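Student: Could you walk me through reading a ligand site and an interface? I'd like the general idea first, then the case at hand.

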Amino acid sequence: MNRSPSLSLERLRRTVRLGLKSLWLHRLRSLLTVLGIVFGVCSVIAMLAIGEGASYEAQEQIKNLGSQNIILRSVKPPEAQKISEKNTESYILSYGLTYADLRRIQSTIPGVTVVVPGRIMRETVWNISRFADCEIVGTVPWYPEMRNHPVAEGRFFSEADIIQSASVCVIGAEMADKLFPLGSAVGGAVRVKGDYYRVIGIMEALGKAPGKSDADARKNTTHRMFIPLETARMRYGEVLVKRRTGSSEVEKVQLHEVTLKVASREEVVNVSLAVKDLLERNHKKQDFEIVVPIELLRREERTKQIFNIVLGSIAAISLLVGGIGIMNIMLASVTERTREIGVRRALGAKRRDIVVQFLVETVMLSAAGGLLGVALGVAIPWVVSYAAGLKTIITFWSPILAFTISGLVGVIFGIYPAIRAASMDPVEALRHE
Amino acid sequence: MAPASIVRLDDVHKTYQMGAVVVEALRGVSLEILAGEYISIMGPSGCGKSTLLNLLGCLDRPTIGRYLLGTEDVSHMDDDALSAIRGARLGFIFQSYHLIQQLSVVENIEIPLYYQGCSEAEGRARATELANRVGLGHRLEHKPFELSGGQQQRVAIARALVNDPLVILADEPTGNLDSKSGAEILELFDDLHTQGKTLILVTHDDEVSRRTHRAIRLRDGLVETDVRK
Ligand SMILES: Nc1ncnc2c1ncn2[C@@H]1O[C@H](COP(=O)(O)OP(=O)(O)OP(=O)(O)O)[C@@H](O)[C@H]1O
Ligand SMILES: [Mg+2]
């Protein structure tokens with residue numbers, strides 16, 4: 001007789017086929033048994049993908065702010081807000097960052113290299129009969145470079161435009177589509193109240209992450225139009241009038257937003273503290289906020305780490321529970337198949353053969369559960385990003401890891417039932433009813 | 001040339017410890033079986049027939065005494081070695097057939113060859129040949145529950161023959177069958193005997209015993225009579 005070694009590939013294949021037959025005999029039970037693993041693996045992969053997607057979006061947004069930047073914003077002080085709610089009379093509210101602040105920062109804090117001041121007005125922008133509500137940002141020529149927001153078409157305004165207070169503007173891609181649906185916006189003109197601006201450039205669309213449609217991205221981002229800072233100061237002064245029903249409200253703000261660039265990344269946090277100190281000394285009210293993108297990024301990374309640890313623990317617990325479920329069913333199966341074990345032993349099966357048979361069955365069960373879980377876990381994020389418009393990212397290692405671990409769970413929780421099966425006395429096993 | 005001795009028991013004892021009580025199932029059995037013999041073992045219930053058959057089948061080891069199978073002393077072999085001997089040299093037939101439910105007829109017949117490390121194609125060919133020999137060539141892919149008791153026992157016989165064993169051991173092979181199917185199974189045993197196989201049948205049925213050429217009668221764990229006809 002032609003003998004092959006007891007653990008050859010062919011033998012393994014036959015053992016696998018045998019296992020499939022045994023599992024198929026109790027297919028409903030097999031399915032129910034692996035549900036624990038299926039849901040464990042599936043929920044972990046899906047949650048990981050959704051978490052990864054959310055964190056990616058957050059990180060992209062933070063990166064767009066620039067990792068070497070510190071962003072200062074004027075905010076209406078909370079007390080002032082209260083007053084304006086109660087008082088129906090008109091009055092002037094003055095708050096926020098001033099040009100004096102800017103000069104002080106530049107002269108006293110050494111690490112700061114470039115400063116991008118910005119004024120923001122909310123206005124309606126027209127092109128004949130088409131219009132868009134947008135934020136008009138008065139700023140400086142180096143804004144695109146500082147904020148990682150490149151110009152897609154045409155150019156940004158130059159130093160010369162600033163000095164001449166030129167009536168030029170650069171508009172966002174989303175706005176360009178809306179105001180100039182036919183042909184290019186560059187070279188065209190837009191109107192804000194009584195003033196006309198020549199469009200010299202179009203910014204790249206922001207927040208356009210892969211996997212999201214263009215339409216989605218356009219819906220969500222606010223329209224922005226950039227004009228030279230001097231032009232803004234000349235045209236709009238420092239006083240903003242907001243009309244509301246029954247009252248008009250006048251706000252006086254010099255600068256709405258200032259971006260500082262710090263020479264080295266390591267200095268960002270220290271410089272931000274120094275800036276905060278400086279501003280607090282000169283402002284009586286809390287009428288500004290400081291955003292440090294790199295700190296946000298670090299916080300985001302830490303959050304993600306914690307999220308992953310929590311997820312890992314959930315995965316471990318669910319796989320443990322799933323594994324125990326499998327072990328339980330395999331022990332029942334061993335008892336139920338005592339006679340089969342006795343027959344196989346009588347027909348020449350060694351203890352090792354019985355161990356292999358039951359171990360292969362358990363591993364197949366849990367690996368099938370893992371595979372099913374991976375399939376569901378990959379499908380769910382896909383459905384979620386399709387239906388809810390959420391970004392999801394499936395990292396390539398998560399399905400592989402999940403599948404491997406579920407196979408391992410099969411080995412670990414299969415060993416005991418398999419050894420129990422193999423250690424039966426053949427005579428006793430044959431007499432078992 | 002006289003037929004070779006293939007089984008030899010020397011003063012074999014088998015005792016079971018049941019808590020404080022010691023049950024002596026066999027109390028000194030000596031036996032020699034020659035190649036080609038057709039033997040029945042009879043005796044009242046509990047006299048040790050199954051115990052003796054399990055020892056002969058290397059499913060168990062004697063407590064005291066020596067057992068030679070062929071030329072090998074198997075009384076002190078370890079579990080793996082006994083498994084190998086069962087797979088290579090013995091054939092088992094049980095009262096309630098003991099087929100594996102999730103496997104087809106031909107797959108059931110193949111089992112001993114599988115544990116012998118025989119290739120799949122070779123095993124399949126041999127199993128098909130034996131299924132034909134017991135008259136089940138047209139039922140190869142059927143599952144055991146689709147067969148009658150007599151047919152199932154014939155599958156079990158084919159399975160016992162597939163490794164071309166030295167001895168075939170059967171514990172009450174007709175016990176679960178009606179007289180007609182029982183008779184068919186006994187015909188099959190007669191044929192096997194004519195082909196030169198060595199058969200040992202444990203039975204309660206005098207009719208079965210009458211067909212065999214040597215009748216061993218046990219009582220209380222001892223051989224009472226041993227008659228060659
Ligand atoms: N595993 C065991 N543990 C304890 N006692 C046992 C065991 N197996 C058998 N015996 C005892 O050994 C004796 C012989 O049992 P055995 O099964 O060989 O009888 P038998 O002749 O086959 O009976 P039957 O005709 O009813 O099958 C009995 O008294 C039985 O109780
Ligand atoms: Mg018995």
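Student: How many residues surround ligand 1, and which are the closest?

Tutor: A residue counts as near a molecule if one of its heavy atoms lies within 4 Å of it. Here 15 residues surround ligand 1, and the closest are Ser45(B), Gly46(B), Lys49(B), Ser50(B) and Thr51(B). This is a predicted model, where local features need pLDDT of at least 70 and side-chain atom pairs count only at pLDDT 80 or more, while totals for chains, interfaces and linings use all residues. Residues are numbered from 1 along each chain as written, chains are lettered from A and ligands numbered from 1 in written order, and side-chain values use heavy atoms, leaving out hydrogens and water.

Student: Where does ligand 1 lie, and what lies 3.2 Å from a nitrogen atom of it?

Tutor: Ligand 1 sits between chains A and B. For polar contacts with a ligand, look for a pair of N or O atoms within 3.5 Å. From chain A, a polar side-chain atom of Glu428(A) is 3.2 Å from a ligand nitrogen. From chain B, a side-chain N or O atom of Lys49(B) lies 2.6 Å from a ligand oxygen, and a backbone N or O atom of Gly48(B) is 3.1 Å from an oxygen of ligand 1.

Student: How many salt bridges are there between chain A and chain B?

Tutor: A salt bridge puts a side-chain nitrogen of Lys or Arg within 4 Å of a carboxyl oxygen of Asp or Glu. The count between these chains is 6; one of them joins Arg351(A) and Asp79(B) at 3.6 Å, N to O.

Conventions: A polar contact is a pair of N or O atoms within 3.5 Å; within protein, one must be able to donate a hydrogen and the other to accept it, and residues adjacent in sequence count only if both atoms are side-chain atoms.
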